[in-house]
Amino acid sequence: MSEISEAIKALMDEKGYSVDSVKRTIEDMLKASYKKAFGTDSNCIVKFEDDMSDVSVYSRKTILDGIYDPVTEIELEDALKLSSECEPGDEIDILIDPKKDFSIAAVTTGKQRAHQNLNESYKDRLYEEYKDKKGQIIIGYYQREYKGSVYVEIGNDVEGVLPFKFQNPVEHFEKDDRIKALVMDVRKTSSALQLVLSRIDPNLVKNILELEVPELADKTVEIKKIVRDAGYRTKIAVYTDHENVDPVGACVGMKGARIQNVIKEIDGEKIDVLRYDEDPTKFIANALSPAAVSRVIVTDAEKRSALAIVPDSQFSLAIGRQGHNVRLANRLCDWTIDVKTESQAAELDLSEFVTNVPLFNEIPAEDAIDGQEQAVSAERETEEPSEISVVSDISEIDGSVAEILKSSKYDDIQNFVDAYYDGSLLESGLLTKEQVESAFEIITKYVEIVDDDSEQPEE
């Protein structure tokens, strides 16, 4: 049995299996071989040396004077040859030599059982190691794609799968791409262990941000709530009870450095970091960032509905592309928010809401803007660079227009402006006249257009 003792030592030393799991595996293997050889394992006894240096197999038989089953019974005459103290009804353990008593088929069966048990033991050990990683971030590398799911190599016989429903719609991976994802579930498979991953869960952004911001790690700043529309925008409400700490500034970092690191990890998705407030009117105003809100009026406190009034020029920013911004604000605040421009609000009779709402009413325009100043600042740092050179980088540009410009020379702002004035952009047929005019009007909000014919001082 020296080969078995060597195998025991290798499993314990090299593979890291516990003593109990090795003993259980060896015992099951020998009993499976015994059963294949003799038809039953009910009388198979496996004994290990105390130091696990060797193992022996015995056939336990009942001593009878006249037997019916030679597998489980032994004649008294034969038993007396082994021990002179035998009596009918006693049991005796007879040593088995696997090399002589086990057929090739029996040995093969035992090996299969051992392989199965070792696999199960290994998977159990991996599961114990990874079961607490649910909700945590893990890093792997793109391996393959099958039926819409992306398979990620984690290592150590652990495979990650990124189902289609958990994939960011704007992301595309290629061979060996690094993938950082959130572990949603841990499950055993026929091969080893599989982690179900997600790239769209809001907690992915939350966990990445916590790695970047020490104030979150030490609980100086708290994330009250986070909502996400993967591929478009994430809104994070932060709070602190430390008077000398700016929660938004701590998360954004100097010149937006911290939040930019998070944005890179989620493929350029926009992030609004805003201040949480117990007063829902102030919180709603903050949640609609990057738009500046003039007033917030609670229209029904029980149903949690409110009216947000914004300057006419801020309406499209408050609503967001295809309504994404206001929908995210609704989810973040858990209120139904109706957005109106100041000119639209002027036509409404809002006096009943000012006098009849018992709890939170309205906030003056200056307070609403002050309350979200940091959030707007953070958005500007993350969404629009200080010097815009590409048209498609401007968030207010229509999505279809941005996609067309991305693949053309007119995406460069200087080229766009030049082509606008000389008419070549319209002549190119890429955009309609309305699209060109709308895009040019938006560009002028961010870029100062200088007349080339004006006198310029010589350098």
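**Cores, sheets and helix packing in the predicted model**

Of the 40 residues in the largest nonpolar core, Tyr-130, Leu-195 and Leu-197 touch the most other members; a nonpolar core is here a set of buried Ala, Val, Leu, Ile, Met, Phe, Trp, Tyr and Cys residues joined through side-chain atoms within 4.5 Å. Helix α5 (residues 104-130) supplies the largest share of this core, six residues. A second, separate core of 27 residues includes Ala-285, Val-293, Leu-317 and Leu-328. In soluble globular proteins, nonpolar side chains tend to be buried together.

The model is predicted: local features need pLDDT of at least 70 and side-chain atom pairs count only at pLDDT 80 or more, while totals for chains, interfaces and linings use all residues. Residues are numbered from 1 along each chain as its sequence is written, and side-chain values use heavy atoms, with hydrogens and water left out.

The secondary structure of the chain comes to 20 helices and 15 strands. Helices (H or I, at least four residues) and strands (E, at least two) are DSSP runs, numbered from the N terminus. Of the 459 residues, 43% count as buried, where buried means under 20% relative accessible area, exposed over 50% and partly exposed in between (1.4 Å probe, protein chains only). Among contacts with a separation of 6 or more, 61% are accounted for by residues 24 or more positions apart; contact means heavy atoms within 4.5 Å.

Five strands close into a barrel in the order β5-β6-β7-β9-β8, with mixed pairing; two strands pair if DSSP finds at least two bridges between them. Neighbouring strands of this sheet are turned by 50° against each other on average, direction ignored. Strands β5 (residues 137-146) and β8 (residues 178-188) pair in the antiparallel sense over five bridges, and Ile-137 stands opposite Leu-182 in β8. Helix α6 (residues 202-212) packs on the sheet and touches β5, β8 and β9 (193-198). The direction of α6 makes about 120° with that of β8; axes are lines fitted to C-alpha atoms, for helices over the stretch in contact, and angles run from 0 to 180 degrees between N-to-C directions. Leaving aside neighbours within four places in sequence, Leu-197 is in contact with residues including Ile-138, Val-152, Phe-166, Leu-182 and Met-184.

A further sheet is open and consists of three strands in the order β13-β14-β15, again with mixed pairing. Strands β13 (295-300) and β15 (336-341) stand at the edges with a single partner strand each, so one side of each is left without a neighbour in the sheet. The twist averages 25° from one strand to the next. β13 and β14 (residues 305-310) pair in the antiparallel sense over five bridges, with Ala-308 in β14 as the bridge partner of Val-296. Helix α10 (residues 280-287) packs on this sheet, touching β13, β14 and β15, and its direction makes about 125° with that of β13.

Helix α10 also meets helix α12. The axes of α10 and α12 come within 9 Å and cross at roughly 145°. Phe-283, Ile-284 and Ala-287 in α10 meet Ala-329, Leu-332 and Cys-333 in α12. By class, this contact has six nonpolar, no polar and no charged residues; Ala, Val, Leu, Ile, Met, Phe, Trp, Tyr, Cys and Pro count as nonpolar, Asp, Glu, Lys and Arg as charged, and the others, Gly among them, as polar.

Seven of the 10 residues of α12 (residues 324-333) are buried, so this helix is largely enclosed by the rest of the structure. The buried residues are His-324, Asn-325, Val-326, Leu-328, Ala-329, Leu-332 and Cys-333. Their cover includes β10 (222-229), β11, β12 (270-275), α10, α11 (315-319) and β15. Just after α12, Asp-334 takes a positive phi of about 60°.

Two individual residues were also examined. Thr-234 lies in strand β11 (residues 233-239) and, at 0% relative accessibility, counts as buried. Beyond its neighbours within four places in sequence, Thr-234 is in contact with Val-205, Ile-226, Val-227, Arg-228, Glu-269, Lys-270, Ile-271 and Asp-272. Arg-113, in helix α5, counts as partly exposed at 36% relative accessibility. Arg-113 and Asp-28 are 85 residues apart in sequence and 6.9 Å apart in space, C-alpha to C-alpha.
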